[in-house]
Amino acid sequence: MSPWLTVVGIGEDGYKGLGRNARHALLQAQQVFGGARQLGLLPPCIQAAHRLWPSPFSLDPVLEQRGTPVCVLASGDPMLFGVGASLSRQVCDDEMRVIPAPSSYSLAAARLGWPLQDVVTLSVVARPVAALNAQFHNGLRLLVLSNDGSSPAAIAAQLQERGYGPSRMIVLEHLGGAAERQIEGTAGEWNATDIAALNLVAIECRALPDALRLSPLGGLPDEAFRHDGQLTKRDVRAITLARLAPTPGELMWDVGAGCGSIGIEWMRAHPSCRTIAIEADEGRQQMIEFNRNALGVPGLQLVRGRAPDALAGLEQPDAVFIGGGVTREGVLSACWQSLRPGGRLVANAVTLQSEATLVNWREQHGGELTRIHLAHAKPLGDFDTWRQALPITLLEAIKP
């Protein structure tokens, strides 16, 4: 049976830019779904009923037509941050075909002479601009799909705030159409306001000498976080993350999250990593909210409460870090019971009591204990000496 649903990518050049297969599908369709801009590109010869997407957006009107010839219009490549990807999760492969047009990314790379394989492609369409903060690295090139005409100014402000004011920005409007235009400037001096809603922002990241280097590999500088001292320090954080071993698509619970440093670094390891941070202190909850945005992971989920009670009903994790509350009755056992098979539990202890809790728990469940000793060179008169930090006992266990 031929697919009843055809998703057609259409560019700013409209119907004349479509190939034969796309035109044939539109001519045969009984209904065509799309946004006002895409539907407005169709000529009178397309006699199918024109259907605007509902607000709030829903795929239901398309799915209700299953079995009748339907076309869906999408900008550029429907499978790249587009409606085609959403439909593919609802419709079987043999029911749907996709006819893509060049994406805005491809057109922008062609205009700028940037090899697309060397560029990071992102989108802030219905997504928080704060997520870009995780992608700012000196020398990196970014192509960002804008949500509307205000997005370039918001992106410029983010770059400036993170120490990337010298970054070069090129806004490309109406790519592939008669109204195509480019606007160029630096993030620190950005003042363009009359920008079309349909635009893409190209960025060449250039950092100031004193900008924080925010590596995605773990162990961010302590000053990258807003905190009240309840912070897993940089070197211990790097060791802890190595034991937690974040893998794409996995979920971690950060129990007793403090300022959220472990959970934030977990999510920065890969865009698909997720964190649920559990924190009872109101002041630290506010720090988590600030830090997750400032460091580019606004999707971090904050649960306001105290473990173990606050853990009830949460999605099953692939890893758990316990940074606070390890001596509280039921916390370790609740975390261990909730872990998926093969999941990792890591807990850090500073006090004798919390260390004893980890030792006793290990006797029953197994695992590995590691003592972390760190020292930093500090002034002593006219010389320097080593100042020992408090030792950390780390428990790592893998659930069978």
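Me: Why is aspartate 222 called partly exposed?
Reply: Keep in mind that this is a predicted model. Aspartate 222 has 21% relative accessibility. Buried needs a value under 20% and exposed one over 50%, so aspartate 222 lands in the class in between, partly exposed.

Me: Where along the chain is aspartate 222 found, and what does aspartate 222 touch?
Reply: Aspartate 222 belongs to the loop that runs between strand 10 and helix 7. Leaving out residues up to four places away in sequence, the residues touched are His227, Leu231, Thr232, Lys233, Arg234 and Arg237. As for isoleucine 46, that residue is 176 residues away in sequence, with a C-alpha to C-alpha separation of 60 Å.

Me: Arg237 sits in helix 7. What makes helix 7 oblique to helix 8?
Reply: The crossing angle. The axes of helix 7 (residues 234-244) and helix 8 (residues 261-268) cross at roughly 55° and come within 11 Å. Roughly parallel would take an angle under 35 degrees, and roughly perpendicular starts at 65, so the pair counts as oblique. The handedness of this crossing is right-handed.

Me: Which residues meet where helix 7 and helix 8 touch, and how do they split by class?
Reply: From helix 7 come Arg237, Thr240, Leu241 and Leu244, and from helix 8 Ser261, Ile262, Glu265 and Trp266. That contact has 4 nonpolar, 2 polar and 2 charged residues.

Me: On to the sheet with the order 6-7-10-8-9. What makes strand 6 and strand 9 its edge strands?
Reply: This is an open sheet of 5 strands with mixed pairing. Strand 6 (120-123) and strand 9 (181-186) each pair on one side only. On average, neighbouring strands here are turned by 20° against each other, direction ignored.

Me: How do you know that strand 8 and strand 9 pair?
Reply: Count the bridges. A pair needs at least two, and strand 8 (residues 168-173) and strand 9 have 6 in the antiparallel sense, so they qualify. One example is arginine 168, whose bridge partner in strand 9 is threonine 186.

Me: Which helices lie across strands of that sheet?
Reply: Helix 5 (residues 104-112) lies across strand 6, strand 7 (141-145), strand 8, strand 9 and strand 10 (199-204), at about 135° to strand 7. Helix 6 (residues 151-161) lies across strand 7, strand 8 and strand 10, and runs at about 20° to strand 10.

Me: What makes strand 2 a partner of both strand 3 and strand 4?
Reply: Same cut-off of at least two bridges. Strand 2 has 4 bridges to strand 3 (residues 49-52) and 3 to strand 4 (residues 70-75), so both count as pairs. Strand 2 runs parallel to strand 3 and parallel to strand 4. Phenylalanine 33 faces arginine 51 in strand 3, while glutamine 31 faces valine 70 in strand 4.

Me: Which way do the residues of strand 2 point, and are they buried or exposed?
Reply: Gln31 and Phe33 point one way, Val32 and Gly34 the other, and all are buried.

Me: And how much of the protein chain is buried?
Reply: Of its 400 residues, 47% are buried. The chain has 11 helices and 19 strands, and its C-alpha trace spans about 80 × 55 × 35 Å along the principal axes.

How values were computed:
Residues numbered from 1 in each chain as written. Predicted model: local features only at pLDDT ≥ 70, side-chain atom pairs only at ≥ 80, totals over all residues. Heavy atoms only, no water. Buried < 20%, exposed > 50% of the residue type's maximum accessible area, 1.4 Å probe, protein only. Helix = DSSP H or I, 4+ residues; strand = E, 2+ residues; numbered from the N terminus. Axes fitted to C-alpha atoms, helices over the stretch in contact; angles between N-to-C directions. Parallel < 35°, antiparallel > 145°, perpendicular 65-115°, else oblique. Left-handed = near helix turned anticlockwise from the far one by under 90°. Contact = heavy atoms within 4.5 Å. Nonpolar A, V, L, I, M, F, W, Y, C, P; charged D, E, K, R; others polar.
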